[in-house]
Amino acid sequence: MRGARRGGAMAALRALVHDFVSGLQDGPAPEVAAGLRAGSWTALDVVEALGSSLEHPEPRTRARGLQLLGQVLLRCHGALRHAEVTHLVLFFEARLKDHHLVIPAVLHGLHALSLSEALAPGLAVSVLKAIFQEVHVQSLLQLDRHTVYTIITNFMRTREEELKSLGTDFTFGFIQVMDGEKDPRNLLVAFQIVRDLVLKGYALGPFVEELFEVTSCYFPIDFTPPPNDPHGIQREDLIVSLRAVLASTPQFAEFLLPLLIEKMDSELQSAKLDAVQTLSACCAIYGPKELQEFLPSLWASLRREVFQTASEKLEAECLGTLTALAACLSHAVLHADTHDPLDTFLSGVLQDCRHHLCEPDMKLVWPSAKLLQAAASASLRAYHHIAGSVLPLLLEQYNQHPQGCNPGPVLAPVQSSQRRTILEMLLGFLELLQKWGHEEGDETVLLGVRAPLCSVVFSALTDPSVQLQIVGVRALTVLGALPGLLVASDLDLAVDHLTRLVLHEEDPQSSMAAMEAAGTLAPAHPGAFTDHMVRALAQELQTEREDEGTRHQRCLQALAAVSTHPSIVRETVPVLLQHLRHLQRGSEPGDTGKTASLCRSLHRVAVQSQHDPESCSFYHQAVVPCLLGLALQAALQEDALLAPGKALLEEEALTSMVPVISAASTHLSPELAVQSAALIVPLFLDGDVSFLPQNSFPCSFQPFQDGPCLAAQRRLVTLLMAFICSLPRNVPVPQQDRLLRELLALSCACDCPFAATAAAKCFAGLVNKHPEGPQLDEVLQLALNRLEPGLAEGPRRTQALGLLLWVTKALVLRYHPLSSRLTDKVLALLGDAELGPAAAEGLGLLLGDAPDVLHRGCHADVRLMYRQRFFTDNVPRLVQGFHAAHSDVKANYLKGLSHVLNHLPKPVLVTELPTLLPLLLEALSCLDRGVQLSTLRCLQPLLLEAPRALSPHGDTLVTKFLSLTDSPAMAVRIAALRCIHALTSLPAPGLLPYKARVIRALAKPLDDKKRLVRKEAVVARGDWFLLGSPGR
């Protein structure tokens, strides 16, 4: 029985072999492999079945038989036994002497065996020797050459020690294999083999130069991939791979460095760039010994490119390479009887650059300064060498261009410009010193010039030139950050200068620069800024002048900017709050700008204090009760909407307080958060004002009660929202169920849209963070019970829609099951004549980032990819609704669709573009300007990111965009011009027929009455003029 089964299996095997070899069918190969894996036959049985084919006089038949064997082995190499592998290797080695038509099949068989773990020791060496001796690799086709490289790679990965036993024979053999290779697919593999030869310690022996020559002949890479290349090999891939080879060993240095110098001196920009980048890579591997002989030539080439640069990129690469050269020399090991190669090199750099710093026309000042700074940035030793020579010279040059008392209208700008240039160079050297931190001795080179350096900086701060002042402020910032360079008297003077610029400098640029510098320096010198700047700013806030508004505005900004240290925060916050109380006492109806400005300053302080627990705690306990107290005081006065302090109750003022309270609450410690919630929630629910400063009010605080006289109180619910919606999710909210019911009732029943919206937001924020369970289900059911009749009819449909949108957003963000039902209600309202436009805007609200609630910054439950999920679930229904809708409400669907698409990640949108593009084009013809604007903003990034998808619609896009440049709405005109500009990213051949038409049409926006429109028209028209030009 067993013999019969064996005979049947062999007969089946011979039939499959016959079909493959003689029938030229490829299907039997997988079947033969499957039988081998199943044990129906062995690999040697396959060879035996192929016997007549392998001995056939026709080489193509022999090749076909070997091809079958190779394919089977490739599928089954893991199932082979040691003896089988040994016999097969010897068999294939012998076949390498066969006819050249047979060789590719033999190589594929050896490739399969090179993957086998059952390969006996010594066989890898035997295979490679046979290939090196018997196969002329470069006469093979690309695929077969790639097979040889793959065999070598496999053996280098699994049989490294065996291959190393070949010594230099392996290196020489590979050089012969690679010599003359031209295909980029093979070169990528060959370059990796060479790199491994070097890095893994294979013997190169006398073949170092030959190995270098066989690879360096490709430098610099000159390869342009064919269009629609399926392999995706780019020129940059080959450049990086070859560079890794050339920079892999110092043994290549004597051959490579002359080649690099030759290419750097050529006229071809790409060759120069490649050479400079390769030299930079070599500096990380080479030592001073390898570079020594070539340093003068390398320096001359780098210097020439920077002095005569035609490319900013090449200049930057040359400067980076100079830094790498100096860094390499900095690592030299010095002996008593040897000279310092770094010292010699930097002396040459100084000799060639230093004198340019003194030239009256200052023509080569900046190139020289860049070279000197690049060399100095290599190491601390290099910095000391360069800066010790250059800084005194620059200080001397600055003082040779003094602030003349009356230099005249022509000389004054020139002298200021020269001083600014010199000070910018000084600033560059100061900034370099920060690179190495504050090790002991870092500042020694600056200590000798400390006094003249401070004098120069202070002189710049008093110069009439605004640009020189700004550079002086930057230099002072760096000086103050380096310990030990500003003594106490200098520090006081520096703070006084910054205070003067903040308060008295007319130009806002200098004033803003001084504020930012104060914020940077204050953490290092809090005492000086508290004693001088904060005190001066506080006094200025108490004075009354004709220009009080501007001066006070600057004081508020500066107090916020300088609040970057806990001790300073304790001084500035009381000053700001005191000024807020002063504003409240004197405010008049409509006077909200000052309050909003002060709240912006308070918000900045809050953000700066968030990550310091001490500052955060102090700020919250000082600011939040004060803001609540002042708002309550204004709201509880008789006839609150007309009383002094009424400005605090206006929307702008209350809205500006929201981010202050929110920022003060998001980073609280759990203990303080619980404590504050236990005070603030009862304040709104029960009118408990005991924790507020100045808590004697004329009447009780009842924001959730009915009554016309309580309208002002209801507006303060927005402050409750700011606090309660910013707490972390693990902080329990006292009386949460009661609070949710009160907020729900207020959001639906309040006549004031501002208060109703605040209540809806607060309700949504709590719902978003509410744990799953029956309580949440009950709250949501209550909301639905309120929403359905409210949306159906009545005077407060708008308030009901607002609540619907915010609750829907809260649930969409957290993937709550009810979100789809509420989204359906929003989509259904798009067909409502009254609420349709607001519902369309609401779709933008659902996917947009709200600034005050329901975002990750306030700890909301926001799931990943919720926008993509919303798009997938709802856009098909939007499209379907658009087609079925009456013409009167179609615009609502288009507006809603454009809002959804505007908030969708662009890579997702690009994949859906073919389906949605017809609707977007139709939306451009809609008369609703909101639809037009939203659609234009959606299309502009798509034109840049998916030009090929939009190019077939070029004619329609050009026509519609040009028609919208005449829109009465400035925002639409600007968006249309930006889209016209973005059209130039489409393939040029498809746009050239429209070039003249577009250029003519864009002549009209050039005369638009709005400057921003004219600006966009200039940019767009300029690129259309260049369309089709060489180099684009």
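Modeller: The model is a predicted one. Arginine 62 is found in helix H5, which covers residues 59–76. Its relative accessible area is 11%, and because the limit for buried is under 20%, arginine 62 counts as buried. Leaving aside neighbours within four places in sequence, arginine 62 is in contact with Ser53, Leu54, His56, Pro57, Arg95, Asp98, His99 and Val102. One of these, aspartate 98, is joined to arginine 62 by a polar contact of 2.8 Å between the side chains.

Now the salt bridges. The structure holds 40 of them. In one, the side chains of glutamate 305 and arginine 304 meet at 3.5 Å, N to O. Glutamate 305 is buried at 6% relative accessibility, whereas arginine 304 is partly exposed at 27%.

Another salt bridge joins the side chains of glutamate 516 and arginine 604, at 3.2 Å, N to O. This pair links distant parts of the chain, 88 residues apart: glutamate 516 lies in helix H28 (residues 508–521) and arginine 604 in helix H32 (residues 593–609). Glutamate 516 is partly exposed, with a relative accessible area of 38%; arginine 604 is also partly exposed, at 29%.

A further salt bridge, at 3.5 Å, N to O, is formed by the side chains of lysine 825 and glutamate 788. Here lysine 825 belongs to helix H42 and glutamate 788 to helix H40 (residues 774–792), 37 residues apart. Lysine 825 is partly exposed at 22% relative accessibility, and glutamate 788 is partly exposed at 35%.

To return to arginine 62: salt bridges that share partners join Glu55, Arg62, Arg95 and Asp98 into one network.

Conventions: Residues are numbered from 1 along each chain as its sequence is written. This is a predicted model: local features need pLDDT of at least 70, side-chain atom pairs count only at pLDDT 80 or more; totals for chains, interfaces and linings use all residues. Side-chain values use heavy atoms; hydrogens and water are left out. Helices (H or I, at least four residues) and strands (E, at least two) are DSSP runs, numbered from the N terminus. Buried means under 20% relative accessible area, exposed over 50%, partly exposed in between (1.4 Å probe, protein chains only). A polar contact is a pair of N or O atoms within 3.5 Å; within protein, one must be able to donate a hydrogen and the other to accept it, and residues adjacent in sequence count only if both atoms are side-chain atoms. Contact means heavy atoms within 4.5 Å. A salt bridge is a side-chain nitrogen of Lys or Arg within 4 Å of a carboxyl oxygen of Asp or Glu.
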